[in-house]
Amino acid sequence: MLHFNVFTLFPDLFPGPLGQSVVGNAIGKQWDLKIVPMRNFAQDKHQTVDAPPFGGGAGMVMRPDVIDAALLSVPESQRGQLIYLSPKGCPLDQAMVRKLSESSNLSLLCGRYEGIDERIFDTWDVLEISVGDFVLSG
């Protein structure tokens, strides 16, 4: 069975369409889904998850301390490959899907704003994947 961990700011979006039809019928039989709400790992009363980029620049990025805490909340043996969905990542093609399908665990990090703090790429083994030249919120 393939186990997915989804690290997101919008946990109520899941399972959404994934819970319907043939794919939904396979939940718990062929694959399962664990949703990790990122705001649960913020340390302030407002559950702040964003900050200006550490090296400067425009926009806001997801804070590395929040991402680290969320990722560490899932045991390493259940985390598998960490995938960050980004339009600047390598394109998701059939060969990559085949390779990823050989895993028993995959973790999807869903970004927001201008992305995630660059220090996450320095600290974690992150595979950056693009599903197309567009940006979706969350």
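Student: How many residues does the largest nonpolar core have?
Tutor: A nonpolar core is a set of buried Ala, Val, Leu, Ile, Met, Phe, Trp, Tyr and Cys residues joined through side-chain atoms within 4.5 Å. Buried means under 20% relative accessible area, exposed means over 50%, and partly exposed lies in between (1.4 Å probe, protein chains only). Phe7, Met38, Ile67, Leu109, Ile116 and Val126 have the most contacts inside the largest core, whose residue count is 21.

Student: Which element gives the largest share of this core?
Tutor: Helices (H or I, at least four residues) and strands (E, at least two) are DSSP runs, numbered from the N terminus. Two or more core residues come from each of helix H2 (64–72), strand E5 and helix H5 (119–123). The largest share is four residues, given by H2.

Student: What kind of model am I looking at?
Tutor: Residues are numbered from 1 along each chain as its sequence is written, and side-chain values use heavy atoms, with hydrogens and water left out. Local features need pLDDT of at least 70, side-chain atom pairs count only at pLDDT 80 or more, and totals for chains, interfaces and linings use all residues, as the model is predicted.

Student: Leucine 109 touches which residues, not counting those up to four places away in sequence?
Tutor: Contact here means heavy atoms within 4.5 Å. With sequence neighbours up to four places away set aside, leucine 109 touches Phe7, Met38, Ile67, Leu82, Ile83, Tyr84, Leu85 and Ile116.

Student: And how many residues does the second, separate core have?
Tutor: Phe4, Trp31, Met96 and Leu106 are among the members of this separate core. Its residue count is nine.

Student: Why is strand E1 described as largely enclosed by the rest of the structure?
Tutor: In a regular strand the side chains alternate between the two faces of the sheet. In E1, Leu2, Phe4, Val6 and Thr8 lie on one side and His3, Asn5 and Phe7 on the other, and both sides are covered. E1 (residues 2–8) is largely enclosed because its buried residues number seven of the seven.

Student: Which residue of strand E6 stands opposite valine 6?
Tutor: Two strands pair if DSSP finds at least two bridges between them. E1 pairs in the parallel sense with strand E2 (residues 31–37) over seven bridges, and leucine 2 there faces tryptophan 31. E1 also pairs in the parallel sense with E6 (residues 105–109), over five bridges. In that pairing, the residue opposite valine 6 is leucine 108.

Student: In strand E7, what is the bridge partner of tyrosine 84?
Tutor: Strand E5 has a parallel pairing with E6 over four bridges, where glutamine 81 is partnered by leucine 106. E5 also runs parallel to E7 (residues 126–130), with six bridges joining them. There, the partner of tyrosine 84 is glutamate 128.

Student: Is serine 130 buried or exposed?
Tutor: Serine 130 is found in E7. It touches Ser86, Pro87, Gly89, Cys90, Pro91 and Leu92, leaving out residues up to four places away in sequence. With a relative accessible area of 7%, serine 130 is buried.

Student: How far apart are the closest N and O atoms of arginine 119 and aspartate 117?
Tutor: A salt bridge is a side-chain nitrogen of Lys or Arg within 4 Å of a carboxyl oxygen of Asp or Glu, and a search of the whole structure finds two. One joins arginine 63 to aspartate 65, with closest atoms 2.5 Å apart. In the other, arginine 119 is partly exposed at 33%, whereas aspartate 117 is buried at 4%. Their closest N and O atoms are separated by 2.8 Å.

Student: What is the area of the nonpolar surface patch that includes Leu85?
Tutor: Patches are made of residues with over 30% relative accessible area and no salt bridge, joining like charges within 9 Å and nonpolar side chains (Val, Leu, Ile, Met, Phe, Trp, Tyr) within 5 Å. Areas come from the Shrake-Rupley method with a 1.4 Å probe, and for residues only the protein chains shown count as cover. Leucine 85, in E5 (residues 81–91), is partly exposed at 36%. Together with Leu92, Val97 and Val131, Leu85 makes a patch of about 310 Å².
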